Amino acid sequence: MGLSIQSDILVVGGGAAGLMAACGAASADNHPLVTLLEKMPRPGRKIMITGKGRCNFTNLKDWNAFSGHIRTDSRFLRPAFYNFTPEDAIAFFESEGVETVVERGDRVFPASYKASDIVDALSRRAISLGVMLMADSGVKRIETSPEGFVVICGGGKRYEAQKLIIATGGLSYPRTGSSGDGYAWAERLGHHLRPRFPSLTAIVPRGYKDLEAGPSVGRIAAKVLGGMDETEIRQESALPPGYPSPTGHIPRETPLSEWGMKLCGLSLDNITLTLGQGKDILQQETGDISFTDGGLEGPLGFAVSRNCVKCILNGGKPWVKIDLKPGIEAEALLGRIKRLWDEIQGDPRSRGQNIRQLSKILLGKLLPWEAVDGFIQGNPGIFGNNKISLPALAEALKEWRMDIAGFVGYERCVVTAGGVDTSEILPKTLESRLVKGLYFCGEILDIDADTGGYNLHLAFSTGLLAGQSAAKAISK
């Protein structure tokens, strides 16, 4: 047996929760020796892509409003939130020289809009507190011992500690190091897992993707992803060999159909999105939505994605309806459409134009111009026998229905829903109820929330609480 590196506290995982856990532990008055093990060449890889690199790191809502955006048991997270509030998060990063700004919806960003500033601040604080940051240290096995825990890394390197904090994240964005290893270790240590599935992800309308073509990368996808070449897209999107792929998963790199290409890049503001199955309404939200190379995204797409994915995984066939004119009743909308149609037909410039051309002029007065072609193709029932049905048009504007074929999986979802069952974790310390000295924090737990800085704040707050709790429990 080789020599072991001794610590008081071991943190496995160098993401948002793990870095904050290390900072919380190392800042304790009893000055424990803290070692952080990170499998990637540098910590914080997933933080770097948060908010498309802009890093919405917290949300300034108070607990009553904040907790309404948590999609799991919010009571479990209340102690962590009050131990490290959004105001505390801002103070933490500003003390490391990171200026912050607040945007619409109480979302907080670094003033530079650079996620690297957040990663650098966390790493800098951890190092200044004496944390040993061990990169390129992929954990192979975790064992318990009479003194605590033994962690074996690649090459047989061994680490021992009284306390162990597992902060390995979930399954989302596997290329950042989120491989789900922590789930297997949690199970081996006696913990139960809640079903895991992608959340805050693109949902794919039927007909939006060319499913017959398979998950190959085309020039359209490369253009949409900001000029990335095909190799970069594959590296960003493709799942590693053997990675779990849930039923209903449509790889993001699957080419767009003709209809998808007409809609891709379109954003619609102030609309109402309804998610349903059969005759049942599952969720309804008002706000903004985006059509991307993945499918339906933006605030509303992400908001309904959790329930939509669950519905598909449970064998359901969900649909969405878009109300493009939520501020006007259907009858009043039809009246407005009829008046516009009369004006267009009476306009001398309309002479010689066919019904399709005149209909596009009409729709251009009701929709953003870039939405017209995609809307027409998505609502073929509006036209027939060289006529336009104005009642059908009004109905489509109020209830543009799309059946959902599937969803983008872990390769590009924002967060993994499910994980370690929180009923087996003490909420005031985040210590395991089953294994003394074992702590969990961040996305590995069965916690997830909406977009808007909520998930990253939960990672920071649970990480800090786990680190502080582990330090308080150290016996010298």
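These are legends for a set of close-up views of one predicted model.

Local features are shown only where pLDDT is at least 70 and side-chain atom pairs only at pLDDT 80 or more, while totals for chains, interfaces and linings use all residues. Residues are numbered from 1 along each chain as its sequence is written, and side-chain values use heavy atoms, with hydrogens and water left out.

**View 1. Helix α6 and what covers it.** Here we look at α6, residues 181-188. Helices (H or I, at least four residues) and strands (E, at least two) are DSSP runs, numbered from the N terminus. Gly-182, Tyr-183, Trp-185 and Ala-186 are the buried residues of this helix; buried means under 20% relative accessible area, exposed over 50%, and partly exposed in between, using a 1.4 Å probe and protein chains only. They sit on the same side of α6 because they cover an arc of only 165° around the axis, the arc being that of the directions from the helix axis to the C-beta atoms. Their cover includes strands β1 (4-12), β7 (139-145), β9 (158-166), β10 (193-199), β19 (415-420) and β20 (438-440), judged by contact, which is heavy atoms within 4.5 Å. Just past the helix, Gly-190 has a positive phi of about 105°.

**View 2. Glu-160 on strand β9.** Glu-160 belongs to β9 and counts as buried, at 18% relative accessible area. Its side chain makes a polar contact of 3.0 Å with the side chain of Ser-4. That term covers a pair of N or O atoms within 3.5 Å; within protein, one must be able to donate a hydrogen and the other to accept it, and residues adjacent in sequence count only if both atoms are side-chain atoms. Setting aside neighbours within four places in sequence, Glu-160 touches Ser-4, Ile-5, Gln-6, Ser-7, Leu-10, Phe-149 and Val-150.

**View 3. Glu-443 in its loop.** Glu-443 is in the loop between β20 and α15. What does the side chain of Glu-443 pair with at 2.9 Å? Its partner in that polar contact is the side chain of Lys-46. A polar atom of the Glu-443 side chain also lies 2.6 Å from the backbone nitrogen of Thr-416. With a relative accessible area of 15%, Glu-443 is buried. Among the residues it touches, beyond those up to four places away in sequence, are Gly-169, Ser-172, Tyr-183, Val-415 and Gly-418.

**View 4. Helices α1 and α15 side by side.** Helix α1 (residues 16-26) packs on helix α15 (residues 454-472) at an angle of about 35°, with the axes 7 Å apart. Axes are lines fitted to C-alpha atoms, for helices over the stretch in contact, and angles run from 0 to 180 degrees between N-to-C directions. On the α1 side, the touching residues include Met-20 and Gly-24, and on the α15 side they include Phe-460, Gly-463 and Gly-467. The residues of this contact divide into ten nonpolar, four polar and no charged. In that tally, Ala, Val, Leu, Ile, Met, Phe, Trp, Tyr, Cys and Pro count as nonpolar, Asp, Glu, Lys and Arg as charged, and the others, Gly among them, as polar.

**View 5. Lys-52 and Cys-55 in one loop.** Lys-52 is in the loop between β2 (34-37) and β3 (58-59), and Cys-55 is found in the loop between β2 and β3 too. Most residues other than glycine have a negative phi. Lys-52, though, has a positive phi of about 55°, and phi of Cys-55 is near 65°. Are these two buried or exposed? Lys-52 is exposed, at 85% relative accessible area, whereas Cys-55 is buried, at 0%.

View 6. Thr-274 has its place in strand β12 (residues 267-277) and is buried, at 9% relative accessible area. Its side chain joins that of Gln-284 in a polar contact of 2.7 Å. Cys-308, in helix α10 (residues 298-313), counts as buried at 0% relative accessibility. Not counting residues up to four places away in sequence, Cys-308 touches Ile-203, Leu-275, Pro-318 and Ile-404.

**View 7. The start of helix α14.** At the beginning of α14, a side-chain oxygen of Ser-389 comes within 3.2 Å of the backbone nitrogen of Ala-392. The helix spans residues 390-398, and its buried residues include Leu-390, Leu-393 and Leu-397. The buried residues of α14 pack against several elements, including β15 (318-323), α11 (330-346) and β18 (400-407).
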